[in-house]
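Hi,

Here is the structure I promised to pass on. Have a look at it first, and then read my notes below.

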Amino acid sequence: MAENVTIARPYADAAFELARGAGALGPWSEALDRLAAIAADPQMRDCIADPKLTDDQLIQLVLGLAGEGLSAELQNFVRVLVTNERLQLLPEIRDLFVQLKNEHEGVQEAQIASAFPLDDATLTNLKSDLEARFKTKLNVQVSVDPELIGGVRIAIGDEVIDASVRGKLANMAAALKN
């Protein structure tokens with residue numbers, strides 16, 4: 001996996017510079033999401049590995065599946081990936097592009113795991129409290145993890161806030177052992 005990220009980095013950097021130069025970070029991000037989903041599909045992976053398909057056929061297949069609305073730069077980007085046999089790296093390229101975009105925009109990713117589904121009001125309050133604490137905008141992804149028993153576990157960058165019942169029980173067990 002690390003090797004794929006290393007190979008994907010120059011392509012993500014190039015995509016980011018093209019998108020930033022055109023003032024189109026949002027559209028590029030959306031298009032890379034679509035393209036990454038296409039490249040990650042098992043049937044498409046078979047097509048990518050099929051030596052009988054020419055580069056032009058593979059390009060037309062990907063562009064056809066991506067649908068209308070891909071700019072000339074994005075279409076050319078797909079051509080470069082196919083020509084250099086890097087199309088399968090689109091998920092990694094997309095992830096690296098999103099990281100660069102978030103850094104540029106001053107946004108961080110936050111993963112919130114909750115024991116129970118959070119309603120919209122609670123999530124909005126939690127997000128605004130976290131943004132004030134970390135002094136940055138956050139893209140929040142919420143998941144439900146019943147193993148937490150109660151509370152939430154929040155990961156933002158390298159920092160983890162474990163306010164779950166399971167985390168408190170683990171801390172109590174560790175304290176009792178010492």
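Predicted model: local features only at pLDDT ≥ 70, side-chain atom pairs only at ≥ 80, totals over all residues.

**What I found**

Lysine 101 lies in helix H6. Is lysine 101 buried or exposed? Its relative accessible area is 16%, and since buried means under 20%, lysine 101 counts as buried.

Next, the nonpolar cores. The largest one has 34 residues, and Trp28, Leu35, Phe77, Leu87, Leu90, Ile93 and Phe97 are the ones that touch the most other members. Helices H1 (2–22), H2 (25–40), H3 (42–49), H4 (55–66), H5 (72–83) and H6 each supply at least two residues of this core. Which helix gives the largest share? That would be H2, with eight residues. As for isoleucine 93, leaving out residues up to four places away in sequence, it touches Ala8, Tyr11, Ala12, Phe77 and Leu81. As background, nonpolar side chains tend to be buried together in soluble globular proteins.

Now for a helix pair. The axes of H2 and H3 come within 5 Å and cross at roughly 75°, which makes H2 roughly perpendicular to H3. On the H2 side the contact is made by Ile38, Ala39 and Ala40, and on the H3 side by Pro42, Met44, Arg45 and Ile48. Sorted by class, that contact has six nonpolar residues, no polar ones and one charged.

Then there's the sheet. Four strands form an open sheet in the order S2-S1-S3-S4, with mixed pairing. Strands S2 (137–144) and S4 (159–164) are at the edges; each has a single partner strand, so one side of each is left without a neighbour in the sheet. On average, neighbouring strands are turned by 15° against each other, direction ignored. How many bridges join S1 (residues 107–114) to S3 (residues 151–156)? There are five, and the two strands run antiparallel. Serine 114 stands opposite valine 152 in S3.

Two helices pack on this sheet. H6 (residues 90–105), the helix with lysine 101, touches S1 and S2, and its direction makes about 110° with that of S1. H7 (residues 120–134) touches S1, S2, S3 and S4, and its direction makes about 135° with that of S2.

Cheers

Technical notes
Residues numbered from 1 in each chain as written. Heavy atoms only, no water. Pairing = 2+ DSSP bridges. Axes fitted to C-alpha atoms, helices over the stretch in contact; angles between N-to-C directions. Contact = heavy atoms within 4.5 Å. Buried < 20%, exposed > 50% of the residue type's maximum accessible area, 1.4 Å probe, protein only. Core = buried A, V, L, I, M, F, W, Y, C linked by side-chain atoms within 4.5 Å. Parallel < 35°, antiparallel > 145°, perpendicular 65-115°, else oblique. Nonpolar A, V, L, I, M, F, W, Y, C, P; charged D, E, K, R; others polar.
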